[in-house]
Amino acid sequence: MYPNAVSLTASDNTQFNAYTAFPTTQGPHPGIILLQEAFGVNGHIRNVADRLAQVGYVVIAPEVFHRTAEPGLEISYSDFASAMPHYNAITPEGVTADVQACYDWLRAQPNVTEKIGSIGFCLGGRLSFLANAVLPLAAGVSYYGGGTHLLKDRASDLHAPHLFFWGGLDQHISKEKIAEVIDAVEAAGKPYINTVISYADHGFHCDERPSYHPQAAAEAWALTLAFFQEKLR
């Protein structure tokens with residue numbers, strides 16, 4: 001088990017572990033729920049949590065595969081087949097229970113403000129959209145959230161402005177599916193920022209994936225931090 005883990009109980013009485021990261025500076029600090037890719041709360045996700053903590057956020061990253069996987073599961077980026085059973089078992093109801101437990105944990109921390117946001121990558125990008133729909137968040141961010149179009153009917157439930165990132169070279173998420181998501185948010189009259197980086201592929205933010213694009217990652221991260229600074233401070 002990785003360090004800084006907490007064990008939480010969701011409303012369906014399932015238990016799960018989550019990675020946490022705390023700023024070293026005096027609080028109080030805003031909170032962020034960080035949602036994993038299809039490969040577990042792995043080194044990359046923990047690194048993102050640590051980076052957010054370094055700039056002043058209390059972060060919690062839940063293991064959303066906990067209903068089907070052993071605690072601490074990490075899957076190689078080259079082995080999506082092993083992730084598929086867990087990926088396919090994800091349900092909006094289960095994730096809602098998990099993110100609610102994470103939200104409650106953040107609110108219970110003495111050094112966390114009432115401003116809480118979410119961010120997710122890949123699968124987590126979709127789940128961050130759902131978190132924004134089911135929790136009273138102040139900001140939501142989704143990086144290349146495959147399957148988000150399946151949740152487009154939840155656009156009218158979004159509580160907070162949402163920042164989307166997509167890779168223009170992404171073969172997993174078509175322009176049509178991106179349009180479905182953005183059109184739904186637009187029709188619901190919800191505030192958003194939609195960013196397509198034409199020269200980036202799926203997974204461009206992750207330096208452990210072949211599709212990593214350092215420039216696109218740096219540009220998206222700078223906008224992410226500016227967005228959180230504006231919405232959560």
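Predicted model: local features only at pLDDT ≥ 70, side-chain atom pairs only at ≥ 80, totals over all residues.
Residues are numbered from 1 along each chain as its sequence is written, and side-chain values use heavy atoms, with hydrogens and water left out.

**Exercise 1. Find how many helices and strands the protein chain has, and write down their pattern.**

Solution. Start with the terms: helices (H or I, at least four residues) and strands (E, at least two) are DSSP runs, numbered from the N terminus. The count gives six helices and eight strands. Next, walk along the sequence, and the pattern reads β-β-β-α-β-α-α-β-α-β-β-α-β-α.

**Exercise 2. Decide how compact the protein chain is, using its radius of gyration.**

Solution. The radius of gyration is taken over C-alpha atoms, and the globule rule is 2.2 Å times the number of residues to the power 0.38. For 233 residues the rule gives 17 Å, and the radius of gyration of the protein chain is 16 Å, close to that value, so the chain is as compact as a globular protein of that length. Last comes burial (buried means under 20% relative accessible area, exposed over 50%, partly exposed in between, with a 1.4 Å probe and protein chains only). Buried residues make up 55% of the 233 residues.

**Exercise 3. Describe how helices α1 and α6 pack.**

Solution. Two packed helices are described by the angle between their axes and the distance between the axes. Axes are lines fitted to C-alpha atoms, for helices over the stretch in contact, and angles run from 0 to 180 degrees between N-to-C directions. Helix α1 (residues 43–54) and helix α6 (residues 214–232) pack at about 50°, with axes 12 Å apart. Angles under 35 degrees count as roughly parallel, over 145 as roughly antiparallel, 65 to 115 as roughly perpendicular and the rest as oblique. The pair α1 and α6 is therefore oblique. For the residues that touch, contact means heavy atoms within 4.5 Å. Val48, Arg51 and Leu52 in α1 meet Trp221, Leu225 and Phe228 in α6. By class, this contact has five nonpolar, no polar and one charged residues.

**Exercise 4. Repeat the description for helices α3 and α4.**

Solution. Helix α3 (residues 92–108) and helix α4 (residues 123–134) pack at an angle of about 70°, and their axes are 10 Å apart. These two helices are therefore roughly perpendicular to each other. On the α3 side, the contact is made by Pro92, Val95, Thr96, Val99 and Gln100, and on the α4 side by Leu127, Leu130, Ala131 and Val134.

**Exercise 5. Look at the backbone of Asn4, Asn13 and Pro28.**

Solution. Take Asn4, which lies in the segment before β1 (5–9). Its phi is positive, about 60°, although Asn4 is not a glycine. Asn4 is partly exposed, with a relative accessible area of 45%. Move on to Asn13, in the loop between β1 and β2. Asn13 is not a glycine, yet has a positive phi of about 70°. With a relative accessible area of 67%, Asn13 is exposed. Finish with Pro28, in the loop between β2 (15–21) and β3 (29–35). The peptide bond from Gly27 to Pro28 is cis, with omega near 5°.

Conventions: Nonpolar A, V, L, I, M, F, W, Y, C, P; charged D, E, K, R; others polar.
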